[in-house]
Amino acid sequence: MNGKKKVLVYECISGGGFASPEGGWPDPGLLAQGRAMRDALAADLQRLDDVALTCVASPYAPLPAALAGVRCLDAGDGGQAAADFLAREAPGHDRVWVVAPECDDLLAQLSACVGAERWVGCTTPAIRVAASKSATRDRLAAAGIAVPAAWRPGEPEPAAGTGWIVKPDDGAGSVDAQRYADFAAARDDLLARLDRGAPSTLEAWTEGIPLSLSLLCRSGRAELLAINRQRIVSSPGSAVVYQGVDIGVAPIHGSAGGRLAALGQQIAAALPGLAGYVGVDVVWPARSLSEDATPVVIEINPRVTCAYVGLSAALGRNLAGEILNARATEALQHGLH
């Protein structure tokens, strides 16, 4: 590959992918998160001398002044499907870096659409496992990793616990997640969702500290970059609400960090195909990180998450550059260009 690498960044929400069919704006909260992730990723890539960066924007989310000089690709008002847009634009670039939710198989479809030769991030099969909470739970449990207990229709009712949560099987974060104190209420919610044809899952509620791990995955290994704390608001009988994330709340070389770093490596081994930035939602079932505990994995996000924002500066590294370099090394190993 001669000259600068042509890299296309497409964050689905700010790129118009979640606009309503009538052209209405995406949810303001989701749009703000999407813009923040796009701009952080683009800022890292903009600093690389060997990258010619193109960033997708929409009327809802123009590029900020800090990204002046970056080629802007107008995605319009979201009237065209994300897959159709990328199928047209990807061939003009050496690498395509997509940030999109896993729900409705969207991220996996975009990965397949772009193709392994250009795609930056996790493989399509790994994305499909991570996109399903039940598939992820089964895969990690088989590897000896702690996950929440779950209930499926037809199974005996579980003993009383610390509560229950019902959520979409392929949902992102806390979207449509409902917490219950009573199992019967949680079971009825699950059955109603399934009757409506909405793939859903019922898990035991895990009390503890909600964390988000930032992992850098390459060649089947995972480096723990940061331990982040999620701001989650919930109580029995109400929806679970995500209010943001605080990055770097604990040292990665402390006692909890050592255990979480080992967990990251277990996850990378259990789910081959994780690559680049990966977020893992975990509950540390104790009152503080100084207490000994076995972390419980809630879900894996096979893509850039909100915790990426500000992380490169906090670590004094250019994570996007490291990921592109790792991607180039793996491409050579696997005969890709």
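A residue counts as buried when its relative accessible area is under 20%. Trp151, with a relative accessible area of 8%, is therefore buried. The model described here is a predicted one.

**The antiparallel sheet**

- An open sheet is formed by 5 strands in the order S11-S10-S9-S12-S13, and their pairing is antiparallel.
- The edges are taken by strand S11 (241-250) and strand S13 (296-301); each has a single partner strand, so one side of each is left without a neighbour in the sheet.
- On average, and with direction ignored, neighbouring strands of this sheet are turned by 30 degrees against each other.
- Strand S9 (residues 209-218) pairs with strand S10 (residues 221-233) in the antiparallel sense, over 8 bridges.
- Within this pairing, Leu215 has Leu224 of S10 as its bridge partner.
- S9 and S10 also form a hairpin, with 2 residues between them.
- In the turn of that hairpin, Ser219 has a positive phi of about 55 degrees.
- S9 pairs with S12 as well, again in the antiparallel sense, over 9 bridges.
- Leu211 stands opposite Val282, a residue of S12.
- Of the 10 residues of S9, 9 are buried, so S9 is largely enclosed by the rest of the structure.

**Helices on the antiparallel sheet**

**The parallel sheet**

- A further open sheet consists of 4 strands in the order S3-S2-S1-S4, and here the pairing is parallel.
- Strand S3 (71-74) and strand S4 (95-99) are at its edges; each has a single partner strand, so one side of each is left without a neighbour in the sheet.
- Neighbouring strands of this sheet are turned against each other by 25 degrees on average, direction ignored.
- Strand S2 (residues 51-57) and S3 pair in the parallel sense over 4 bridges.
- Ala57 has Asp74 of S3 as its bridge partner.

**Helices on the parallel sheet**

- Helix H1 (residues 28-46) packs on the sheet and touches strand S1 (5-11), S2 and S4.
- The direction of H1 makes about 165 degrees with that of S2.
- Helix H2 (residues 82-89) lies across S1, S2, S3 and S4, and runs at about 170 degrees to S1.

**Two helices in contact**

- Helix H3 (residues 106-114) packs against helix H4 (residues 124-131) at an angle of about 175 degrees, and their axes are 9 Å apart.
- Angles over 145 degrees count as roughly antiparallel, and H3 and H4 are therefore roughly antiparallel to each other.
- On the side of H3, the contact is made by Leu107, Ala108, Gln109, Ser111 and Ala112.
- On the side of H4, Thr124, Ile127 and Arg128 make the contact.
- The residues of this contact comprise 4 nonpolar, 3 polar and 1 charged.

**Aromatic pairs**

- The structure holds 4 aromatic pairs.
- One of them joins Tyr10 and Phe85; the ring centres are 5.5 Å apart and the planes stand at 35 degrees, so the pair is tilted.
- Tyr10 lies in strand S1 and Phe85 in helix H2, so this pair ties together parts that are 75 residues apart in sequence.
- Both Tyr10 and Phe85 are buried.
- Trp151 and Phe183 form an edge-to-face aromatic pair, with 5.3 Å from centre to centre and 85 degrees between the planes.
- Trp151 lies in strand S5 (residues 150-151) and Phe183 in helix H6 (residues 183-195), so the pair ties together parts that are 32 residues apart in sequence.
- Phe183 also counts as buried, because its relative accessibility is 8%.
- Trp151, Trp164 and Phe183 are linked by ring pairs into a cluster.

Notes:
Residues are numbered from 1 along each chain as its sequence is written. This is a predicted model: local features need pLDDT of at least 70, side-chain atom pairs count only at pLDDT 80 or more; totals for chains, interfaces and linings use all residues. Side-chain values use heavy atoms; hydrogens and water are left out. Axes are lines fitted to C-alpha atoms, for helices over the stretch in contact, and angles run from 0 to 180 degrees between N-to-C directions. Angles under 35 degrees count as roughly parallel, over 145 as roughly antiparallel, 65 to 115 as roughly perpendicular and the rest as oblique. Contact means heavy atoms within 4.5 Å. Ala, Val, Leu, Ile, Met, Phe, Trp, Tyr, Cys and Pro count as nonpolar, Asp, Glu, Lys and Arg as charged, and the others, Gly among them, as polar. Two strands pair if DSSP finds at least two bridges between them. Rings of Phe, Tyr and Trp (its six-membered ring) pair if their centres lie within 6.5 Å; planes under 30 degrees apart count as stacked, over 60 as edge-to-face and the rest as tilted. Buried means under 20% relative accessible area, exposed over 50%, partly exposed in between (1.4 Å probe, protein chains only).
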